[in-house]
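The structure is shown first, and the discussion follows it.

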Amino acid sequence: MRFQHICVLGLGYIGLPTASTFATHGLRVTGVDVNPAVLNSLQNGETHIYEPGLRTLVQAAVKSGNLAVSPQPVEADAYIIAVPTPFKEGKKADLSFVIAAAEAIVPVLRRGALVVLESTSPPRTTEDVVRPILERSGLKAGQDFYLAYSPERVLPGQILRELIENTRVIGGIDSASAEAGRDLYGVFVRGEIILTDATTAEMVKLMENTYRDVNIAIANEFARLAERFGINVWEAIALANRHPRVRILNPGPGVGGHCISVDPWFLVEAAPDLATLIRTAREVNDSQPRFVVERVRQAAGSLEGLRVAALGLAYKADVDDLRESPAIEVCHLLSRAGAQVRAYEPFKPDAVIEGVETVPTLGEILDEADVLLLLVGHTVLRNLDPVEVAQLTAARIVVDCVNGWEPERWRFNGFHYYRLGDRKEVG
């Protein structure tokens with residue numbers, strides 16, 4: 001099956017790179033987004049999100065004439081739904097964006113077209129939610145149009161490379177739909193393309209992120225146990241990982257982002273009687289910010305009136321994505337406990353976050369701080385020189401939540417250094 005024109009609905013962290021990659025590989029692409037600010041920035045050749053190389057790719061796609069943007073979908077050979085699927089109250093999947101996107105396709109859906117859902121979704125969303133909506137067009141899935149699910153499986157910071165090189169799983173509602181999906185993604189994917197059914201493909205994505213969430217949970221629990229037993233969890237993990245069949249991950253302030261912190265709840269929602277380990281892992285990781293706050297309390301003696309400089313707000317290192325960030329939750333908890341919190345996010349210095357005071361420069365946040373709290377292992381923050389920092393702030397307490405700083409260097413320069421999961425050496 002050959003494609004000339006596709007619509008990508010949702011121009012966020014996945015939709016925009018996907019649309020731009022198709023466009024630079026010769027397809028005519030209409031990128032669809034309901035946010036006028038997003039459309040305006042793209043029309044001017046600018047990007048509203050940070051990802052290495054993305055701005056150059058978008059500009060190349062626009063300059064080629066193959067990428068246009070629109071507030072609604074148009075007739076096309078294929079449609080890719082790449083909208084968010086957050087959770088709502090009660091940790092239930094919010095499919096409102098997926099539903100709205102599918103409904104927007106109905107008026108322009110034509111015979112022989114392909115619709116692909118990429119948004120991470122609970123099992124059977126493609127079959128039980130998207131399919132009935134699309135069939136309101138009068139066309140039948142599997143007979144008149146093709147329908148498939150293909151999860152994105154990329155790492156923020158390496159999205160452009162991994163879109164092309166990673167294995168792509170495509171699940172169709174029937175074999176013809178899966179094969180149509182293979183033909184579409186074969187335009188640029190150089191990794192292996194594996195075909196299956198739609199529900200299996202949905203499950204694969206949830207399993208991948210749940211596996212990682214469970215493994216992070218055990219690392220975070222090890223950090224708590226290490227503090228209880230008076231040892232250094234980072235040393236213990238390094239030693240345990242010398243075993244040829246052990247690979248323990250690193251602990252931290254929690255788990256964030258739109259995938260790992262969200263997707264496991266879709267399985268808990270779908271089968272609460274079976275997903276007991278998955279629920280427990282989510283509860284461990286969701287509670288980790290409270291563990292961080294207690295570590296700050298122990299280091300400083302009291303939180304009331306304590307001036308905390310929170311370094312990093314993104315959910316992981318070297319990205320600008322703040323969605324579900326545990327660093328933000330730590331800031332909220334500290335504020336509620338009486339601390340005066342100011343935060344600096346180098347990848348989004350102008351971020352506006354409800355309940356969190358942000359500052360645009362490192363120098364500004366270091367001024368008038370009592371405690372420096374490293375929440376995200378951004379390279380620029382890990383590379384801070386304690387000699388220079390000591391000249392910029394009166395703070396002499398540092399709490400490192402990501403093992404980002406060399407303890408002895410900070411101690412040598414007059415700081416009381418505390419590290420999450422480390423009670424072997426303190427002060």
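D318 counts as partly exposed, because its relative accessibility is 27%. In this predicted model, D318 sits in the loop that runs between β11 (307–311) and α12 (326–336), and its phi is positive, near 65°, in a residue other than glycine. A317 belongs to the loop between β11 and α12 as well, and with a relative accessible area of 30% it is partly exposed. Across 58 residues of sequence, A317 and L375 come to lie 9.5 Å apart in space, taken from C-alpha to C-alpha.

A positive phi of about 65° is also found at E368, although it is not a glycine. E368 is placed in the loop between α13 (362–366) and β14 (371–374), and its relative accessible area of 54% makes it exposed. In another loop, the one between α2 (36–43) and α3 (54–63), lies T47, which counts as partly exposed at 21% relative accessibility. T47 and Q59 are 12 residues apart in sequence, and their C-alpha atoms are separated by 9.0 Å.

**Salt bridges**

| Pair | N to O distance |
|---|---|
| R161 and E165 | 3.0 Å |
| R423 and E227 | 4.0 Å |
| R419 and D422 | 2.7 Å |

R161 and E165 both lie in helix α6 (residues 159–165), where a spacing of four residues corresponds to about one turn of the helix. R161 is partly exposed, with a relative accessible area of 39%, and E165 likewise counts as partly exposed, at 46% relative accessibility.

R423 counts as partly exposed at 32% relative accessibility, whereas E227, at 8%, counts as buried. In the pair formed by R419 and D422, both residues are buried. Beyond these pairs, K91, D213, R282 and D286 are linked in a network of salt bridges.

**Pocket and cavity**

D286, a member of that network, is also among the residues that lie nearest the centre of the second largest pocket, together with V255, E324, S325 and E329, out of a lining of 14 residues. The elements that contribute two or more residues to this lining are α11 (276–300) and α12. The second largest pocket has a volume of about 250 Å³, and its lining is made up of five nonpolar, four polar and five charged residues.

How many cavities of 30 Å³ or more does a search of the whole structure find? The search finds one, and about 60 Å³ of space lies in the largest cavity. The residues that line the largest cavity are P151, E152, R153, V154, E162, L163, N166, T167 and R168; by class, three of them are nonpolar, two polar and four charged.

**Nonpolar surface patch**

Methods
Residues are numbered from 1 along each chain as its sequence is written. This is a predicted model: local features need pLDDT of at least 70, side-chain atom pairs count only at pLDDT 80 or more; totals for chains, interfaces and linings use all residues. Side-chain values use heavy atoms; hydrogens and water are left out. On a 1 Å grid over the protein atoms alone, a cavity is a set of points where a 1.4 Å probe fits but cannot get out, and a pocket is an open set with protein on both sides within 12 Å along at least five of seven lines; lining residues have an atom within 4 Å of a point. Grid points are joined across faces, edges and corners, and a volume is the space filled by probe spheres set on the points. Ala, Val, Leu, Ile, Met, Phe, Trp, Tyr, Cys and Pro count as nonpolar, Asp, Glu, Lys and Arg as charged, and the others, Gly among them, as polar. Buried means under 20% relative accessible area, exposed over 50%, partly exposed in between (1.4 Å probe, protein chains only). A salt bridge is a side-chain nitrogen of Lys or Arg within 4 Å of a carboxyl oxygen of Asp or Glu.
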